Amino acid sequence: MSLYGKIWGTGLLALVLYGCMLLFTGQTRFVSDIAFLFPEPSSADLEAIALNQISNQLSSQIIFLVSHKDADTALNIAGKLRDELRNIGGIRILGGREIGTSKFAALHKPAIGALATYSDYKTLKTGHGDALLKRSLASLYMPASSINSSLIRQDPLGLYQEYLQELSATFDANRPKKYNNSYYSPVTVRISESLPINDKKKTRLQVIEKLVGSLEDGNKEVKIHYGGAPRYSQKISQISKSEAGKISVLAVSAIVILLIFLFRSFKPVLGAVLTISIGVAVGAAATAIFFENVHLIAVAFGVSLVGVVVDYAIHFYTSRRANETSEQTANRIKAGLLYGIGTSVLGFAALAFSGVNVLQQIAVYSAFGIVSAGISVVYLLPRLTFLSKTEGYSTSIDMLGRAHRSAVAVVPYLALGLVTIVTAILLLLDVFDANDDVRKLRVDTPELTKTETFLAKYSNAASAKILLVKGTSTEQILQREEWLQDYIWTDVQNEKVSGFWGVSKLIPSIKKQSEIWEMSTELLNTVEGAKLQKLIPSRSTNVELIYADEENRSQLPKEIQDLVLEDKSTDQRGHLVILQGVQPSFDLETLLGEKSWISEINPAKKYSANFFDTRVKSTYSLIGVIVFISLLFIWKMGIETGAKIILVPSFATFSTLALSSLFGVEINFFSVMASFLVFALGADYALFQYAAHSDDKERAYQAVSYSAISTILVFGLLSFSMIPVLQTMGSVVVIGVVLAWLLSPIANLAPEGEYK
Amino acid sequence: MSYLKQFVVFALFVFYTVGVVDASQIGPNEVKPGSILTGEFSQERYLNGFEAPLVSSGDFFLFPSKGLAWRVFEPFESRLIMTSEGITQITHGSIMKVAGTTGLAKLIGGLMYPALSGDWQKLKNDFEVNVEQPAATDTEWTASLRPVNETIGKIIESIELTGGTTTRSLIIFKTNGDRDEIQFKSQEILGVPTKEAINAFSIDGNN
């Protein structure tokens, strides 16, 4: 082996070993969190803080619904479930024991008489206080009323009793609800956020699964539905593993069979496997060295480079002549290979400037993977004589090649060039059907869909909407929360929203407390009010309004305290408000349009917006790099040759996106990423044929055809996957490769004949 | 007289004078599922700090399978419906859900049926029940209930019930010194619910 070869080999080995060390010692970690895909939010942005908080909460939240036709049984089993869950450890039960109305009593005591339900407040405000007087009178005589003299002196209208009951209904997370002759008792838990990912969570989920099974088995007619992000991740992980296993086995088998069929030998198979392994290992090692946290999407995309780098090995083995050494073969195809490698690397390198984590990782993975695999074919394979086959392909497809070239000869490539330019412009203008909805990327199985639909319908927590109310002071924010409560009141009565959960519900604004106190005083001084006053001891005039200051808030349960957001560095503040049981008929958009200080905190929407940004940035990078490479080719090879060669990958890339959109595969971030692969593959097909010596044109055509078949096999399998991301990428690459292969003989007709 | 005879005579004497009977057998007549207990009541509520008791009267309907409807006629008309689904108070046409399934309202709602039908076993879930029968009668009884449940114990000190074939009075002593005294009369068990009884449970604006 030459000195260069030794240096190259040693360098590669060192890189891979160092990368492995980083991975195995945990210095570089794999992450699957969707939030990691996008740039870190600025700390000055209150919405980003809220989003981060809510995303963390949702990603660890599991919602259970225990159903039975009898309310007590549903409640009992939910209680048992709660107790058992507590024993598992690392699981926090929401509601239940943590929020009890008794906890509020001490806080509220001085302000009793100035606290009322929204309904009572509204009754007072609209001048219908008579009804409250009558209610109070009646409750004096009712056996179920818990009035006592001190309470009635402080609150003759019984406002606080009602208020406390409403709070109890809102915060009693365990209360069973009746739908269609069954009672549903909810249990909501969070798996500890401080734990490192995966294993421990997975173990807990397995314990939970067993627990649910045993509770259902032990209580006939009890059904426990449960869902949430951790449960979804667990299911998806199971599906992904099985899919990955199936696809890998099928893809590898298909390529091996194809290579054995083509070369009638195992040596090219081993050579191809070696090339692929080097590409994948070096790409992974480089990514591990450059990045502390590597996203699994980058890894998955990197591995899909198999489809690109296997072409280099196929090209090498197909180009082998019986009368030459393997080093001579490598030298002969070197220029074409290096050209192909250079073009692909340039394409992927453009992603490094996107400013998006995952794109930068893909850029590094792809660039290192492609370069190492390509150079291995040129410098390593020829020196591993035991892997060299003395003769290239054995199956002649000359006739097909001739027919293909003749057909391509009549292609109006100028017109195709024009189509390519127009398509690129349309892509720039975002004209084609695109869908960046992150929910479209979800893996759906009938079981998951059924559970999620069920929970969304019957669980308040699952159908909740989270809003951020901003303001300059706590008092202002509380008043704005109360405005919001007023705004949704009609929707609450029409059952479009089942409840409102916010700090103002527990500590109303000072303005509202004063209003309630004053309106009650006024009412009690009326003639009707005097009748009530006559029956009861004289009213206490001492009331101390409560402020939602830090000290008072600290007496509230943690879940309520978490609703308060503050960014001290920018003095921004806001409160999260949770609208529970929001039905699809609720017009949220109009509400959001009403006030600038109110916004929805919706991780799915935010991620969809991020996907949109990332897709647009990747599309710009794709178009930019293709324009750059076109200019480079034209400069190096002349207008006609350069244009013809670049036409193959660029037409395939842009037309694929347009065609997939026309055929209903909406464009998203992943289809744009797949089109980078199409560009790399298309460039290889054109350059291999262009750079082939005149007596090698047939072999180059065949190498390209075999490469196309292998790629179609691998990505065709992906297009049948249950995982939407793989499905999209598979479909796009298959369409692109077919187009690139069909058009590639254009490059074979290049007038220069041999590349110098 | 042999010792054995002496023992038998003594035992019979004790049995007839002290009235050793199974406490679970003592109490008002059972109101069987499907039938309905109806009657009139008068209530005096003594609240600390109030000059006079709050007096009210009306009638009630108790369906074992459904719940209790409590109709107040004096000093003004109102109605309280206690079922497993919650408590509703209807006053002057306005319908209000009371304490749902928590607190004193739930406790009172849950207490009425066993108290009026003598289901001591059920009451034992939350109270220590002590039923006594004076030796001279075979139907009169008194029962005192002391909460064993900590939450109930915070609100209720004790409950006293007296009656014969029906429960005649119920006194609730609260921990803050307040008390409710309810007297029942004209009670009867109906095999078939009357239209009036059914109407008493209807949640509409009419008292």
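Me: Leaving aside neighbours within four places in sequence, what is A:S504 in contact with?
Reply: A:S504 is in contact with A:L478, A:E481 and A:E482, where contact means heavy atoms within 4.5 Å. This is a predicted model, where local features need pLDDT of at least 70, side-chain atom pairs count only at pLDDT 80 or more, and totals for chains, interfaces and linings use all residues. Residues are numbered from 1 along each chain as its sequence is written, chains are lettered from A and ligands numbered from 1 in the order in which they are written, and side-chain values use heavy atoms, with hydrogens and water left out.

Me: Is A:S504 buried or exposed?
Reply: A:S504 is buried, with a relative accessible area of 3%. Buried means under 20% relative accessible area, with a 1.4 Å probe and protein chains only.

Me: And which side chain does the side chain of A:S504 make a polar contact with?
Reply: That of A:E481, at 2.7 Å. A polar contact is a pair of N or O atoms within 3.5 Å; within protein, one must be able to donate a hydrogen and the other to accept it, and residues adjacent in sequence count only if both atoms are side-chain atoms.

Me: OK, new topic. What area is buried between chain B and chain A?
Reply: About 2300 Å², with carbon and sulfur atoms giving 65% of that. Buried area is the accessible area (1.4 Å probe) that two parts lose on being put together, summed over both.

Me: Which residues of chain B lose the most area to chain A?
Reply: B:R45, B:F50 and B:L54, together 22% of what that side buries.

Me: How many residues are in contact there?
Reply: 35 residues of chain B are in contact with 25 residues of chain A.

Me: How many residue pairs are in polar contact across that interface?
Reply: Four, with both residues at pLDDT 80 or more.

Me: What does A:L677 touch, leaving aside neighbours within four places in sequence?
Reply: Its contacts include A:F301, A:V308, A:F348 and A:M729.

Me: Last one: how far apart are A:I77 and A:L338?
Reply: They're 261 residues apart in sequence and 68 Å apart in space, C-alpha to C-alpha. A:I77 counts as buried, at 2% relative accessibility.

Technical notes:
Buried means under 20% relative accessible area, exposed over 50%, partly exposed in between (1.4 Å probe, protein chains only).
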